[in-house]
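The exercises below ask you to read a fold step by step, with the sequence and the structure beside you. Try each task yourself before you turn to its solution.

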Amino acid sequence: MIEERPVSFDCEGARLYGIVSLPAPDRSALPAHGVLIVVGGPQYRAGSHRQFTLLARSLAARGIAAMRFDYRGMGDSEGEVRGFEHVDADLRAALDCFTATVPGLREIALWGLCDGASAITFYAGGDTRIKGVALLNPWVRTEAGAARATIRHYYRARLFERELWTKILRGRFDLRASVQSAFGLARSVLRPSAAAEAPPQQTLPERMAAGLARFDGRILVMLSGADLTAQEFADLAGSDQGWRRLLEGQRVTRHTLPGADHTCSRRDWHEQVVDWTCDWMTAR
């Protein structure tokens with residue numbers, strides 16, 4: 001059994017709402033470990049197929065307090081909707097509420113999926129309460145990166161699919177459209193865009209790496225094997241010097257879940273992510 005407490009708190013004049021999941025009330029001591037779940041958007045605190053609800057409850061059942069909440073403008077919370085790069089105030093307010101609700105937390109981690117993970121990279125280095133960050137399929141999307149990942153992973157896999165060759169043999173495959181799509185992706189990789197010809201600005205992956213470099217705690221990276229977002233991140237991590245240096249450090253733990261989709265929607269995939277998170281949270 002676990003305990004769940006609804007919470008509300010202020011963020012720059014807006015009222016935000018969340019749920020704190022706690023280990024069973026009959027435990028002899030308050031939890032020392034806590035996880036603030038940072039949702040990817042746009043969605044609310046339950047997550048796709050109740051992913052974040054199940055994660056929070058699974059963590060609490062293993063002795064780790066968890067909190068999930070709605071950003072301003074999402075779910076039950078008041079305020080204007082904002083992008084994942086502009087939720088620092090929301091995260092700080094949620095952490096204030098979490099630590100007040102569960103006094104005695106010594107190890108707090110931020111856990112995020114997709115652009116929730118990206119938001120974490122911007123915030124974590126500026127809050128000394130955060131001792132760890134768990135990133136599932138981080139969003140590092142650029143036009144060229146997405147095109148490269150699609151060509152390298154999607155089209156290569158399609159060549160070995162029986163369904164594709166069955167369509168071709170039966171004359172139900174639109175070869176012209178597929179070739180046009182492939183050439184369009186190739187142009188995205190090879191031809192500089194208008195943005196690339198403008199004065200240099202840091203890309204999203206560069207800003208994320210810079211933010212994470214300011215964080216001195218532990219890092220958990222989990223990637224789904226059948227997800228283009230994860231594959232784009234993996235390609236970046238292998239080719240970009242800054243990311244490669246960052247992720248090769250001793251404080252980083254990396255896992256890949258073969259065959260899993262973006263949200264780890266199957267029960268066994270979800271349970272593996274929970275296992276990795278719990279093991280990492282309680283490791284010494």
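**Exercise 1. Find the bridge partner of L36 in β5, and then follow the pairing of β5 on both sides.**

Solution. The bridge partner of L36 in β5 is L110. Before going further, note that this is a predicted model, in which local features need pLDDT of at least 70 and side-chain atom pairs count only at pLDDT 80 or more, while totals for chains, interfaces and linings use all residues. Residues are numbered from 1 along each chain as its sequence is written, and side-chain values use heavy atoms, with hydrogens and water left out.

Step 1: β3 and β5 pair in the parallel sense over six bridges, where two strands count as paired if DSSP finds at least two bridges between them. The strands (E, at least two residues) and the helices (H or I, at least four residues) are DSSP runs, numbered from the N terminus.

Step 2: on to β6, six bridges join β5 to this strand, and the two run parallel; here W111 has A134 of β6 as its bridge partner.

Step 3: six of the seven residues of β5 are buried, so this strand is largely enclosed by the rest of the structure. Buried means under 20% relative accessible area, exposed means over 50%, and partly exposed lies in between, with a 1.4 Å probe and protein chains only.

**Exercise 2. Describe how helix α3 packs against helix α8, giving the angle at which their axes cross.**

Solution. Step 1: the axes of α3 (residues 115-123) and α8 (residues 204-213) come within 7 Å and cross at roughly 50°. Axes are lines fitted to C-alpha atoms, for helices over the stretch in contact, and angles run from 0 to 180 degrees between N-to-C directions.

Step 1: α3 and α8 are therefore oblique to each other. Angles under 35 degrees count as roughly parallel, over 145 as roughly antiparallel, 65 to 115 as roughly perpendicular, and the rest as oblique.

Step 2: S118, T121 and F122 in α3 meet L204, R207, M208, G211 and L212 in α8, where contact means heavy atoms within 4.5 Å. The residues of this contact of α3 with α8 divide into four nonpolar, three polar and one charged.

Step 3: α3 is mostly covered, since nine of its nine residues are buried, and these buried residues pack against β3, α2 (88-101), β5 (107-113), β6 and α8.

**Exercise 3. Decide whether E12 and R50 are buried, partly exposed or exposed.**

Solution. Step 1: E12 lies in the loop between β1 and β2 (14-23), and E12 is exposed, with a relative accessible area of 63%. Step 2: R50 lies in the loop between β3 and α1 (51-61), and R50 is partly exposed, with a relative accessible area of 41%.

Step 1: compare the backbone angles with the general rule that most residues other than glycine have a negative phi. Phi of E12 is near 50°, a positive value in a residue other than glycine, and R50 has a positive phi of about 60° although it is not a glycine.

Technical notes. Nonpolar A, V, L, I, M, F, W, Y, C, P; charged D, E, K, R; others polar.
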